[in-house]
Amino acid sequence: MPDELVNVRYMVDDVDAAIDFYTTHFGFTLRSHPGPPFADVVRGNLRLLLSGPRSSAGRPMPDGRIPEPGGWNRLHFIVDDIAAEVERLRAAGVTFRNDVVTGPGGRQILLEDPAGNPIELFQPAGV
């Protein structure tokens, strides 16, 4: 599927500064910027989601940890049915960092790979 985008989410301190950095220095193009907490930029098949501290992806986890740059970058998989995926993965013994969070763009949840690296499942709004 050559036209499919690969999605990577980066937590950033300043969304506008991140847009400027990636578009100026690395040839990304602004795809959307619905508000100060979030934007996404694209370069080829890579879509970089830039999530600021006030975005839904920046909400604290149940254990009190707060997503921040440098430690919360993650693979981002778009799914059609987040509830079914969560059920399937929980049955397989996968560890989740939080419960499903709903924001203006859709629903998301974080799980961990065996090393503790985060992976996000995301179901866009309206799906």
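**View 1. Strands β3 and β4 pair in the antiparallel sense over six bridges.** Pairing here takes at least two bridges found by DSSP between two strands, and strands are DSSP runs of E with at least two residues, numbered from the N terminus. This is a predicted model, in which local features need pLDDT of at least 70 and side-chain atom pairs count only at pLDDT 80 or more, while totals for chains, interfaces and linings use all residues. Residues are numbered from 1 along each chain as its sequence is written, and side-chain values use heavy atoms, with hydrogens and water left out. Look for Val 42, whose bridge partner in β4 is Arg 47. Two residues lie between the strands of this hairpin, where Gly 44 has a positive phi near 60°.

**View 2. Strand β2 (residues 29-35) runs antiparallel to β3 (residues 38-43).** Four bridges join β2 to β3, and this hairpin also has two residues between its strands. Here you can find Val 42 of β3 again, standing opposite Thr 29.

**View 3. Strand β3 is largely enclosed by the rest of the structure, because five of its six residues are buried.** Buried means under 20% relative accessible area, exposed means over 50%, and partly exposed lies in between (1.4 Å probe, protein chains only).

**View 4. Glu 68 sits in the loop between β4 (46-51) and β5 (74-78).** With 47% relative accessibility, Glu 68 counts as partly exposed.
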